Amino acid sequence: LRLWLSSRVRVASESERAMALERATVRRAGACSGPPVRRLSSSRHGRRLTRCRCESEKQRDDVSGGGGGERTSTSSPSSSGTGSGMGNLPPEVRTADLLLFSGGNLPSRRRLLLGTSLASATALGANFLGITSTLLGLDGGQLARKYRLDTLYAVKGFRRSLDLENGFTFVFPSDWLADQTLYRRYARRVEQMNALDPPPLKNRKRASGPGDEPVAAYGPPGSTGELNVSVIAAPIEPGFTLQKLGTPGQAGQLILDSFIAPRSQQDKTAELISARETRDENDTAYYLLEYAVRSASKGWRRRNLAVYGTNPDSGLLYTLNVQCPEEQFERLRPKLTQIATSFQILL
């Protein structure tokens with residue numbers, strides 16, 4: 001019983017000594033110019049410790065409770081024992097003046113590199129704080145356009161609409177939303193085409209095909225619909241080209257008189273402002289028109305940018321139309337022009 005009690009007292013004294021050493025170190029942590037002694041892990045606290053040799057004798061007196069008394073160079077019997085706590089540490093480590101805690105064992109270099117790589121990949125994939133969009137815009141968006149990464153991430157404030165089924169692409173402002181009505185109609189058409197049951201023979205309605213409605217449309221959220229961009233793909237006769245309509249100016253006036261403001265609509269007038277021809281890297285020709293449309297009965301005035309192009313392989317005529325209220329057009333001209341000039345037919 002006496003031996004057991006003495007061992008318990010020794011363990012308690014060693015624990016109190018370790019706690020006192022920590023408090024004294026935090027209280028007296030000051031300028032220390034001595035070299036570090038070693039790194040080791042405390043058996044009691046489970047922390048990696050770095051201690052240096054500075055005023056060890058003075059620190060030993062403070063921890064022992066004799067801050068102002070005579071220094072003693074003798075250590076207690078418990079300090080040389082093998083019990084738990086700080087008693088099994090060398091004197092130069094037990095009496096350190098500076099104690100730095102690193103919070104446990106440091107991770108291995110391999111684990112650190114792996115964790116950093118995973119965190120970086122996650123941040124880039126999720127476009128955390130827009131870092132991916134910023135990096136893709138450093139070269140002006142050329143890399144994003146080449147690998148079509150701008151369909152996933154906004155680059156310079158624009159995202160890409162890519163329609164591989166109809167064969168065209170263009171960019172639109174990243175804060176614009178797709179027309180959900182078109183997507184619901186498209187989903188219904190796909191469901192009807194893949195239906196398991198045959199359609200009824202009576203009261204069948206003609207399915208809407210290319211040219212009946214836009215295949216893509218985007219606009220700012222919460223708007224009235226006057227500001228938007230849409231694309232229509234209509235079938236054409238084999239061998240048809242834009243040059244058969246004449247020059248860009250002649251073709252533009254013909255389109256306005258025949259489709260935009262025909263004579264049958266007396267309250268609507270259209271004015272052709274400019275017309276020119278452009279070509280992309282595949283030498284595909286496009287007619288770019290700018291015109292104004294006004295309605296006397298409804299009282300609205302709009303400005304439009306329209307792009308026309310043909311694909312002889314698919315037999316389609318493409319029309320991209322960007323419309324905007326006339327009072328907002330000059331302020332939004334750079335953005336709307338970039339939308340129109342980005343239209344491209346995929347061959």
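This is a predicted model: local features need pLDDT of at least 70, side-chain atom pairs count only at pLDDT 80 or more; totals for chains, interfaces and linings use all residues.

Me: What makes β4 and β5 a pair?

Reply: Count the bridges. Pairing needs at least two. β4 is joined to β5 (residues 168-173) by 6 bridges, so the two strands pair. They run antiparallel. In one of these bridges, Phe158 has Pro173 as its partner in β5.

Me: Which sheet do these strands belong to, and in what order?

Reply: An open sheet of 3 strands, in the order β4-β5-β13, with antiparallel pairing.

Me: Why are β4 and β13 called edge strands?

Reply: Look at their sides. β4 (158-163) and β13 (344-345) each pair on one side only. Helix α9 (residues 329-341) lies across β4 and β5, at about 165° to β5.

Me: Why is Phe170 called buried?

Reply: Buried means under 20% relative accessible area. Phe170 has 0%, so Phe170 is buried.

Me: What makes Tyr218 count as buried?

Reply: The cut-off is again under 20%. Tyr218 comes to 9%, so Tyr218 passes as well. Across the protein, buried residues make up 36% of the 347 residues.

Me: How do you know that the rings of Phe170 and Tyr218 form an edge-to-face pair?

Reply: Take two steps. A pair needs ring centres within 6.5 Å, and these centres are 6.0 Å apart. Edge-to-face needs planes over 60 degrees apart, and these planes stand at 70°. The structure holds 7 aromatic pairs.

Me: What parts does the Phe170 and Tyr218 pair tie together?

Reply: Phe170 sits in strand β5 and Tyr218 in strand β7 (residues 216-219). The pair therefore ties together parts that are 48 residues apart in sequence. Both residues belong to one aromatic cluster, which also includes Phe168, Phe172, Tyr286, Tyr318 and Phe343.

Me: Which residues of helix α8 are buried?

Reply: In α8 (residues 248-260) they are Pro248, Ala251, Gly252, Ile255, Leu256 and Ile260.

Me: How do you know that the buried residues of α8 line one face?

Reply: Look down the axis of α8. The buried residues fall within an arc of 135°, so they line one face of the helix.

Me: What covers the buried residues of α8?

Reply: The cover includes β9 (268-279), β10 (285-295) and β11 (301-311).

Notes: Residues are numbered from 1 along each chain as its sequence is written. Side-chain values use heavy atoms; hydrogens and water are left out. Helices (H or I, at least four residues) and strands (E, at least two) are DSSP runs, numbered from the N terminus. Contact means heavy atoms within 4.5 Å. Axes are lines fitted to C-alpha atoms, for helices over the stretch in contact, and angles run from 0 to 180 degrees between N-to-C directions. Buried means under 20% relative accessible area, exposed over 50%, partly exposed in between (1.4 Å probe, protein chains only). The arc is that of the directions from the helix axis to the C-beta atoms. Rings of Phe, Tyr and Trp (its six-membered ring) pair if their centres lie within 6.5 Å; planes under 30 degrees apart count as stacked, over 60 as edge-to-face and the rest as tilted.
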